[in-house]
There are 2 protein chains.
Amino acid sequence: MATLRVPPAVPSPQEDCEQLHKAFEGWGTNEKLIISVLAHRNAAQRKAIRDAYQATYGKDLLESLLHETHGDFEKIVLLWTLEPSERDALLANEAATKWHPANRVLIEIACARSSQDLFTVRCAYHKQYKRSLEEDVAAHTKADFRKLLLPLVSAYRYEGEEVNMHLAKSEAKLMHDKISDKAYSDEEVIRVLTTRSKPQLIATFNQYNNEFGNPINKDLKSDPKDDYLAALRAVVRLICCPEKYFEKVIRLSLNKLGTDETALTRIVATRAEVDLKLIKEVYQSRNSVPLENAVKHDTHRHYEDMLLALLGSDQN
Amino acid sequence: MATLRVPPAVPSPQEDCEQLHKAFEGWGTNEKLIISVLAHRNAAQRKAIRDAYQATYGKDLLESLLHETHGDFEKIVLLWTLEPSERDALLANEAATKWHPANRVLIEIACARSSQDLFTVRCAYHKQYKRSLEEDVAAHTKADFRKLLLPLVSAYRYEGEEVNMHLAKSEAKLMHDKISDKAYSDEEVIRVLTTRSKPQLIATFNQYNNEFGNPINKDLKSDPKDDYLAALRAVVRLICCPEKYFEKVIRLSLNKLGTDETALTRIVATRAEVDLKLIKEVYQSRNSVPLENAVKHDTHRHYEDMLLALLGSDQN
């Protein structure tokens, strides 16, 4: 369900390096050449290019990209070129150290990655920041948000498909009781959301809907402006239907007066190798226009070209 | 600092299997033969023996051991034969599902293993129990204990040696303020203990002692019978000086009217390949007798023989 398109005959990392080096040479930068290489290589291939570049030219490809590109194009090229775990560690570090209640990046990383991938992010975080992810999250967040975010980013959820229906029933009732009492940050609510496996939680949410006549997220909407409730809803959506969650982030980033490039860049860079095709389908059916059209309307030049390439819609 | 002694020329896993099979044959069991093989092989060698046994005799070596051995000898042989991560997963599962406030096993596993080893235990837990460790801990513990244990077992602490002295000072003061107010389960106290790296925490505890004139654990002793305070002290001791903590567990297990074989077995089986030599030295200097003498005095027959073998004091 990725949108990334890799050509049938991939040049060697050495050849790709030479192309990139050529793109950086002389006055100006050949952005089209950068896009034609990097936007059409998967994570392992990009890693091999970065290694070859270091060996050949004695510096990090990221450094050269930082020097040769600018603005939103720079941001998406850098984010995309990183390994997925490094990229998530970077995003998580920014979100943790400059944390504010409306930021959903930590929740995205904690809930929309596999258990093993989340652990790999924690390993990359050690390496890049000489601290642990949970240490920074705990140090920079407070109160209800900390109670929710700390176990979320520390989780290593079981990933088997087994579901205990008896447990789903009893925990649906527990959630309903607490939500009815507006005890949204009750530790039992947080325990269920942060420790149960995703299939188990989906069964619990289904039971909730069946038993109490409302999707759980509708009951978590009592105050639409409450950031903590919005965070809980994000957890539920990212567990049940990440593609719908991500479609909404993209939709809101484009519908704004002035595009939210940060969000758009993040979602495209983190999902192009995962489920961006699915997100595009949801977008089309929700908005009656292809995502590419909306992107063309709201973005420009090399940034637009890079987005379209990662969306699988350029000529390369 | 292990006590495990592996012979210079180790027989092949196949030969070891044949010896074990011989030990199980006919009427009765040759316990001495079992000990001479298993108590002198490291984790990788025991794993190879178990694999070879399965291939040769079509059943799990643990099953045969369960059938052929009894009582405390059975328990230590089984626990020892398991891979360290499987063993910890088993111990953690017992501790979580039959949890009571005086049980320290989860704290031992969370604090006296490396970050990577603790993660490996969480992986083994998925495989063995089809749930996550933190899920079971959260579901079976309550109140202050849950607030402490859940982040402890979910931690992936940074393991570099870097220490931030400024942070150590401010967090020592924070800990002192909270402890002075008897706010032992304050979330800041728990945050520091469960997320900071071990070198950082040791610096914080040293600062505490320097600034406020008491070791932190002395100030955590206001009520010696309070299980939660005892749990906090165990965390501090396991981070600062695990060998002293384990010496004390062994000492208390032997000093009791009626030996506490469960604790003795657990510590010997989990530390023989790690730091049991150090624990023995602390024991000798604390009690003025060698640990082996105390073990000989309090235990019997094959159980005694197995303990002495793992303590590095048999004839093999």
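B:Phe119 is buried in this predicted model, with a relative accessible area of 6%, where buried means under 20% relative accessible area, exposed over 50% and partly exposed in between, as computed with a 1.4 Å probe on protein chains only. A:Tyr156 is likewise buried, at 9%. Residues are numbered from 1 along each chain as its sequence is written, and chains are lettered from A in the order in which they are written. Because the model is predicted, local features need pLDDT of at least 70 and side-chain atom pairs count only at pLDDT 80 or more, whereas totals for chains, interfaces and linings use all residues; side-chain values use heavy atoms, with hydrogens and water left out.

A search of the whole structure finds 17 aromatic pairs over all chains, a pair being two rings of Phe, Tyr or Trp (its six-membered ring) with centres within 6.5 Å, called stacked if the planes are under 30 degrees apart, edge-to-face if over 60 and tilted otherwise. One of them is the tilted pair of A:Tyr125 and A:Tyr129, with 4.8 Å from centre to centre and 50° between the planes. Both residues lie in helix α8 (residues 115-129) of chain A, 4 residues apart, about one turn of the helix, helices being DSSP runs of H or I with at least four residues, numbered from the N terminus. A:Tyr125 counts as buried at 0% relative accessibility, and A:Tyr129 at 17%. The rings of A:Tyr156 and B:Phe119 have centres 4.7 Å apart and planes at 70°, so this pair is edge-to-face. Since A:Tyr156 lies in the loop between α10 (143-154) and α11 (165-180) of chain A, and B:Phe119 in helix α8 of chain B, the pair joins two chains. A:Phe119, A:Tyr156, B:Phe119 and B:Tyr156 form one aromatic cluster.

The contact between the chains (heavy atoms within 4.5 Å) takes 28 residues from chain B and 27 residues from chain A. The area buried between them, that is, the accessible area (1.4 Å probe) lost on being put together, summed over both, is about 2600 Å², of which carbon and sulfur atoms give 56%. Across this interface 6 salt bridges are found, a salt bridge being a side-chain nitrogen of Lys or Arg within 4 Å of a carboxyl oxygen of Asp or Glu. Among them, the side chains of A:Arg146 and B:Glu188 meet at 2.5 Å, N to O. On the side of chain B that touches chain A, α8(B) gives the most, with 5 residues.

Note on methods
Buried area is the accessible area (1.4 Å probe) that two parts lose on being put together, summed over both.
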